Amino acid sequence: VGQEPSGLAVNPRRNEVYVVNTQSGTVSVIDASANRVAATIPVHRLPYMIAVDPSGQRAYVPNSGSNTVSVLDLESRRQIAVAGTGEQPGIARVSPDNRTLVVTNRGSSSVSLFAIAPADAPASEPALRLRAAFPGCPGATDAVILPDSSKAFIACSAGHQVMAISLAAAPGSWAARQNPAQMTDHLLTLLDVGLTPVHLSMKPDG
């Protein structure tokens, strides 16, 4: 593959594996049936990992050297959009409902939340739109999202806390109708844990 492969992800719909090549600034597409590299997609500087959406149509690559996240069309195997993040973005997570992209920014100790455009959105609508940003998470690294897409938890690795964020519910949904506060993204709390939390894992049932 490329130089310094780091992040890996699988496509939930097609038999493909994606490899992020940090020093090459590319993503290698591996055909897992034939065990061969089928394509190479250029992204930006110093990508680290990749997140594939539940539909298997798009992927998101944080570029830590350019403070951006690349949006990849996995069918055409090309970059279709770029959005600005905080400094040194490292981890991206797609919510199970495919409405929100959570990006942790290690350099700026922050978290960026992006609204993901639906697949049938008009071409004039951006693929990613910055919806909210939350500072105060020193060395933000890993992130997990509840199965119902209602909350995200972020490890603040340069401190001793985990940030909990409420994710905005879909307009018109039951959650939004029941609680107006669910209409917007907002900080819930900072949980005191041990020193240097770096990895989070979620039970399948949340």
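**View 1. C137 and C156 are both buried.** This close-up comes from a predicted model. A disulfide joins the two residues, with 2.0 Å from S to S. C137 sits in the loop between β12 and β13 (140-145), while C156 belongs to strand β14 (residues 151-156), so the link ties together parts that are 19 residues apart in sequence. A disulfide is a covalent bond between the sulfur atoms of two cysteines. The angle about the S-S bond is -110°, and the link of C137 and C156 is left-handed. The count for the structure comes to one disulfide.

**View 2. Strands β13, β14, β15 and β16 form an open sheet, in that order.** The four strands pair in the antiparallel sense. Where are the edges of this sheet? The edge strands are β13 and β16, and each pairs on one side only. Neighbouring strands are turned by 20° against each other on average, direction ignored. Strand β14 also carries C156, the disulfide partner of C137.

**View 3. Six bridges hold the pairing of β15 (residues 161-166) with β16.** These two strands pair in the antiparallel sense. Which residue of β16 stands opposite Q161? D192 takes that place. Strands of a sheet pair through backbone hydrogen bonds, either parallel or antiparallel.

**View 4. D185 and R131 meet in a salt bridge.** Their side chains come to 2.7 Å, N to O. The pair links distant parts of the chain, 54 residues apart. D185 lies in the loop between α1 (174-178) and β16 (186-192). R131 lies in strand β12 (residues 128-134). Is D185 buried or exposed? D185 is buried, because its relative accessible area is 13% and the cut-off for buried is under 20%. R131 is partly exposed, with a relative accessible area of 22%.

**View 5. R14, E16 and R77 are linked in a network of salt bridges.** Start with E16 and R77: their closest N and O atoms are 2.5 Å apart. This pair also links distant parts of the chain, 61 residues apart. E16 is in strand β2, and R77 is in the loop between β7 (68-73) and β8 (78-84). Now look at R14: its side chain meets that of E16 at 3.7 Å, N to O. R14 is partly exposed at 29%, and R77 is partly exposed at 30%. The structure holds four salt bridges; among them are R14 with E16, E16 with R77, and D185 with R131.

**View 6. Strands β1, β2, β3 and β4 make an open sheet, in that order.** The pairing is antiparallel. Why does one side of β1 and of β4 lack a neighbour in the sheet? β1 (5-10) and β4 (36-42) stand at the edges, each with a single partner strand, so one side of each is left without a neighbour. From one strand to the next, the twist averages 25°.

**View 7. β1 joins strand β2 (residues 16-21) through four bridges.** The two strands run antiparallel. V10 stands opposite V17 in β2. Strand β2 also holds E16, one of the residues in the salt-bridge network with R14 and R77.

Conventions:
Residues numbered from 1 in each chain as written. Predicted model: local features only at pLDDT ≥ 70, side-chain atom pairs only at ≥ 80, totals over all residues. Heavy atoms only, no water. Pairing = 2+ DSSP bridges. Axes fitted to C-alpha atoms, helices over the stretch in contact; angles between N-to-C directions. Buried < 20%, exposed > 50% of the residue type's maximum accessible area, 1.4 Å probe, protein only. Disulfide = S-S within 2.5 Å.
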